[in-house]
Structure formats: structure tokens, C-alpha cells
Amino acid sequence: NVLAKDDVVVYESTVFPGATEDECIPILEKVSGLVYNKDFYAGYSPERINPGDKEHTVTKILKVTSGSTPEIATYIDNVYKSIIVAGTHLAPSIKVAEAAKVIENSQRDINIAFVNELSKIFRLMDIDTLEVLEAAGTKWNFLPFRPGLVGGHCIGVDPYYLAQKAMELGYNPEIILAGRRLNDSMGPFVAQESVKMMIKKGIPIKGSNVLVLGITFKEDCPDIRNSRAIDIVRELESFEVNIDVYDPWATAEEVKHEYDIDLICNESDIKKKYDGVVVAVSHKEFKVLNLDNYCADDHIIFDVKATLPKEKSHSRL
């Protein structure tokens, strides 16, 4: 038992509002035999780290803090203030701090879902979605979200915490879950659209070779947790397509363990000519990759996140 009298326990993981005091604290009391807010205290200060971001590091991101009593809240806030250059925001309660974090990721999820839905609509209209977003983005208050795959261990997961709690309280959260469903549909959608493009070019689907570029959940980051690029791979596999995955950021052993895929980690190990290429993740290495070296005479390139110049691909979200 490491919890001692007068200790302060601060949680940083993203949780549903109420998790710290309703779920975590009773466990601490039971195991330690100490009494909450008498023998020990608690706080909540959510992580705001952006994986792979070298600019917005821990000390440069404003920190939301909270504590189980007014005095402890001030104490916790001062501790964080001592290292957080960007400053702190002392929330009035632990629940408020928990809710603030979970809606940050839920809001982003919903905004991306909106532009993903636009990309499906504009595709039917034969309009380039990014050109529409660039035009609309000239208005000062237009939000600059781009379509793409939404995975990872935060945005692709956290909205469910809030949705689950809402349903426990008898409310059905329509927008939150609709956004999740829409974003989870994008991987299969990209694969299906790629197959349609190959068919229109007269490329036989069964036994064709497709190269998927990227298996991590976001660009220039080695993290493969909850990556939705795998949805593209699995959907293509259902068409009996031969798939290779190249990702210089991911680890071969981890990808093999998680997805049972033999990952290509070095460009020099790409040996085939491919009938289709799907640029699933916008790694910097892919921006300078000469795909002409790896494509058959008849081929399609689906550039999910507009990693390449427009003229270098046949389609993008």
C-alpha cells in the first residue's frame, strides 16, 4: 500500500464525468483504509498531449486543474503552475475538469465527422472536397477541419465514455454516436471506392496487388493503437486483393502482433508493381515518395489525406 496519510492523488487519464470520485476513490479507500478528504485528497488534471507534436509539449499546453476541496484544488493548481509555462485553469470541481477533457475530443470527432460526410456527398457531385474547404476557409470563423481516418486512443475512443454515461442516465446521445459511426465508416469507404476505381479502369480485382501506405493512427507518429488504416486493409482483403503495407514509422513486430501483417519498414523492400496505392497516413516520407516506381501501367492512387499534389493521385477524400 503506497497511499499514506495526507497524500494527494491526481488522475490525468480521460474518463467520464464522475469517474474519479465515483469509481476510483472508493477503491483507494477500500485498499488503504483511509478516508477521502480526511486522510487523503484527490485531484484531476487531464492530459492534453498531442502525440508526435514537437511544438505543443507538456509545459507549453495550458493545464486544466481541479481538487477535491478548495484548499487542495489551489495546492494542485500551484504545483502544476510551477512547471506549466502556458499557465493553468482551475476548474470549480473534479467533474467539471473531467467533462472539459472528454468534450474536447468529442467536439473534434464530431467536426471531422461533418467534413467526412461532406466528402461522401461531394464525391457523388464530382466536387473536390478540399477545394470546397479551402474556399469556405476564407471566412474568418470557418473551422479548418479536413476529412480523414479517425483513430488513436483519444478521439476514436473518448466520445464513448460520455455516450455511455449519458445512456446510463437515460439520455440517448444522437450527435456523438452519429459522429462515431460516420468516422468508423471511412476506412471501408476508402477501400470500396478504390475497388470501384480499379474496376472502371478494367483492373481485375481478385489477385490484384495493392500497396497501403501507413498503418499508424496519425502522421509522423509511431503509435498504431486503434489505427483505422487497418479498416482499409481488412475491407480490401474481403475482395481477395493481395495487400502490402509500408510504414517507416511503425514497428514490424508490433504490427505483426496487433494486426498479423508483415510490415514493410524500408522503401528498398518494396519489390512489386502495384495495381492500386492507398495513401492512408500522411507521413512526411510519403510526400517525397516516387510512386511511379511502384505502380503498374494501369493503376489507381487514392490519397486519403491529400498528402500528394492533386495531380499525382486519382482520388482523395
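Mentor: Two strands pair if DSSP finds at least two bridges between them. Keep in mind that this is a predicted model.

Trainee: What makes S5 and S6 a pair?

Mentor: Strand S5 (residues 209-213) is joined to S6 by 5 bridges. The rule asks for at least two, so the strands pair. They run parallel. One of the bridges has Leu 211 with its partner Asp 244 in S6.

Trainee: Which sheet do they belong to, and in what order do its strands lie?

Mentor: An open sheet of 5 strands, ordered S6-S5-S7-S8-S9, with parallel pairing.

Trainee: Why are strands S6 and S9 called edge strands?

Mentor: Strand S6 (242-246) and strand S9 (315-316) each pair on one side only.

Trainee: What lies across this sheet?

Mentor: Helix H7 lies across S5, strand S7 (274-279), S8 and S9. H7 runs at about 150° to S8.

Trainee: How do you describe the packing of H6 and H7?

Mentor: Two packed helices are described by the angle between their axes and the distance between the axes. For helix H6 (residues 174-184) and helix H7 (residues 186-200), the angle is about 35° and the axes are 5 Å apart. H6 contributes Leu 182, Asn 183 and Asp 184 to the contact, and H7 contributes Met 186, Gly 187 and Pro 188. These residues divide into 3 nonpolar, 2 polar and 1 charged.

Trainee: How many aromatic pairs are there?

Mentor: The structure holds 2. One of them joins Tyr 36 and Phe 40.

Trainee: Why is the pair of Tyr 36 and Phe 40 called tilted?

Mentor: The ring centres are 5.8 Å apart, and the limit for a pair is 6.5 Å. The planes stand at 45°. Stacked needs under 30 degrees and edge-to-face over 60, so the pair is tilted.

Trainee: Are those two residues buried or exposed?

Mentor: Buried means under 20% relative accessible area. Tyr 36 is at 17%, so Tyr 36 counts as buried. Phe 40, at 0%, is buried too.

Trainee: How do you know that Asp 297 is exposed?

Mentor: Exposed means over 50%. Asp 297, in strand S8 (residues 295-303), has a relative accessible area of 79%, so Asp 297 is exposed. Gln 107, in helix H3 (residues 94-124), is at 54% and therefore also counts as exposed.

Trainee: What makes Lys 139 sit over the ring of Trp 140?

Mentor: The charged end of Lys 139 is 4.7 Å from the ring centre. The distance limit is 6 Å. Lys 120 lies over the face of Phe 189, at 5.0 Å from the ring centre.

Definitions and conventions:
Residues numbered from 1 in each chain as written. Predicted model: local features only at pLDDT ≥ 70, side-chain atom pairs only at ≥ 80, totals over all residues. Heavy atoms only, no water. Phe/Tyr/Trp six-rings, centres within 6.5 Å; stacked < 30°, edge-to-face > 60°. Buried < 20%, exposed > 50% of the residue type's maximum accessible area, 1.4 Å probe, protein only. Lys NZ or Arg CZ within 6 Å of the ring centre and 35° of its normal. Helix = DSSP H or I, 4+ residues; strand = E, 2+ residues; numbered from the N terminus. Axes fitted to C-alpha atoms, helices over the stretch in contact; angles between N-to-C directions. Contact = heavy atoms within 4.5 Å. Nonpolar A, V, L, I, M, F, W, Y, C, P; charged D, E, K, R; others polar.
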